[in-house]
Amino acid sequence: MIRVAFFDAKAYDKPSFELYGGEHGIRFKYLEAKLNEDTVDFAKGCEAVCVFVNDTVNAAVIEKLYEYGIRLIALRSAGYNNVDLQAAFGKIHVVHVPAYSPYAVAEHAIALLLTSVRRIHKAYNRTREFNFSLNGLTGFDFHGKTVGVVGTGKIGRIFIDICRGFGMNVIAYDLFPARDSGIHYVSLDELLEQSDIISLHCPLTDETRHMIDAGAIAKMKKGVVIVNTSRGGLIDAEALLEGIKARKVGAACLDVYEEEADVFFEDRSGHILNDDLLSRLISMPNVIVTSHQAFLTEEALNNIAETTVNNILSCFEKDGACDNELCYRCGNIEQCKKQRRGKCF
Ligand code: NAI
């Protein structure tokens, strides 16, 4: 029996994790609390923790987990910017779910974009009130527009394929352009200058934090539509708000927000929102916010649970080698031992 403290558990997580975990003798201890320095004690008595995007897995938390005998941090997400990989190295193995449904995220980006550009959110509210006026609902054709895609990994490429289906002109920027992919790569500046729509699909790193800031927005076309289904920290939200107020940014579609950790995934409808910046953004007629929902399809939830359970089993029951292990040295073949020994350390 492997006991796993499952932090930030939501009702929609349990059916799939019970299905896959139960079959293999994994007992999940579902905790509503997010993992942080105040809640880390809930992991006592377990061998592993399972965490999501807004759990805080910093050096202090890792130290405590190590002290409690935790041997594995199993992320049930692709992104891992909330884990201090360097602090975990040599102590606790870290695994993630590199792909569960890139379609879910790419399709959500398109859903946001279509909703925004064709004013579906406005029309929906109007017709519910029997207001059948079309004033103010004018959109624009996707066909023939230039879309700039930042990050051409699994999600970015599916997004590109969908955009091509609309007859859009696709340009892209990636730190590591994919050779022979048929993707037309440009510099980040060229992408900012030429795009009618910009969609972000790269990870959050020290390098990409606030890649969309006041300077970047200044380079963009007037009326640009910005889509972010990746990580909130890619955008300086204050700069975005200023860009919207200055009528430079035509619309923003945000599934993620830098300060989302205390707000997203929770019902705050009976509360006064303390985040003035988020309140102001949400109040804008040309901003659509969804609450980190892009991953949320049945297919994705099943894949997340199945891969997480397999990751846990690989680490505990076999030789400990797991393809989905991560460390701060991964990618550096000279330094990381995973390719040679199957484990990062
Ligand atoms: P991926 O790893 O397949 O692709 C990421 C791409 O970004 C790679 O091609 C990489 O070369 C590129 N990249 C890395 N650093 C860059 C930089 N400095 N500038 C430009 N490009 C850079 O990842 P995938 O699966 O496509 O996911 C992309 C992001 O989507 C994840 O990092 C995650 O943050 C986010 N995500 C959001 C979800 C949601 O529910 N909103 C769900 C899943 C992922």
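Among contacts in the protein chain between residues at least 6 apart in sequence, what percentage join residues at least 24 apart? The share is 65%. Contact means heavy atoms within 4.5 Å.

This is a predicted model, where local features need pLDDT of at least 70, side-chain atom pairs count only at pLDDT 80 or more, and totals for chains, interfaces and linings use all residues. Residues are numbered from 1 along each chain as its sequence is written, and side-chain values use heavy atoms, with hydrogens and water left out.

**The whole chain**

The protein chain has 12 helices and 12 strands. Both are DSSP runs numbered from the N terminus: helices are H or I with at least four residues, strands are E with at least two. The C-alpha trace spans about 60 × 50 × 35 Å along its principal axes. A compact globule of 345 residues would have a radius of gyration near 20 Å, and the 21 Å of the protein chain agrees with that. The radius is taken over C-alpha atoms, and the globule rule is 2.2 Å times the number of residues to the power 0.38.

Of the 345 residues, 49% count as buried. Buried means under 20% relative accessible area, exposed over 50%, and partly exposed in between (1.4 Å probe, protein chains only).

**Helix 2**

Helix 2 covers residues 59-67, and Val 61, Ile 62 and Leu 65 are buried there. Seen down the helix axis, the buried residues fall within an arc of 100°, so they line one face of helix 2. That arc is taken from the directions from the helix axis to the C-beta atoms. Their cover includes strand 3 (48-51), strand 4 (72-75) and helix 3 (85-88). After helix 2 comes Gly 69, with a positive phi near 85°.

| Residue | Loop | Relative accessible area |
|---|---|---|
| Gly 320 | between helix 11 (298-317) and strand 12 (325-326) | 11% |
| Thr 229 | between strand 9 (224-228) and helix 9 (237-245) | 7% |

Gly 320 is buried. Not counting residues up to four places away in sequence, Gly 320 touches Ser 314, Cys 315 and Lys 343. Gly 320 and His 93 are 227 residues apart in sequence, yet 9.5 Å apart in space, C-alpha to C-alpha.

Thr 229 is buried too. Leaving out residues up to four places away in sequence, Thr 229 touches several residues, including Val 105, His 108, Leu 200, Asp 255 and Ala 294.
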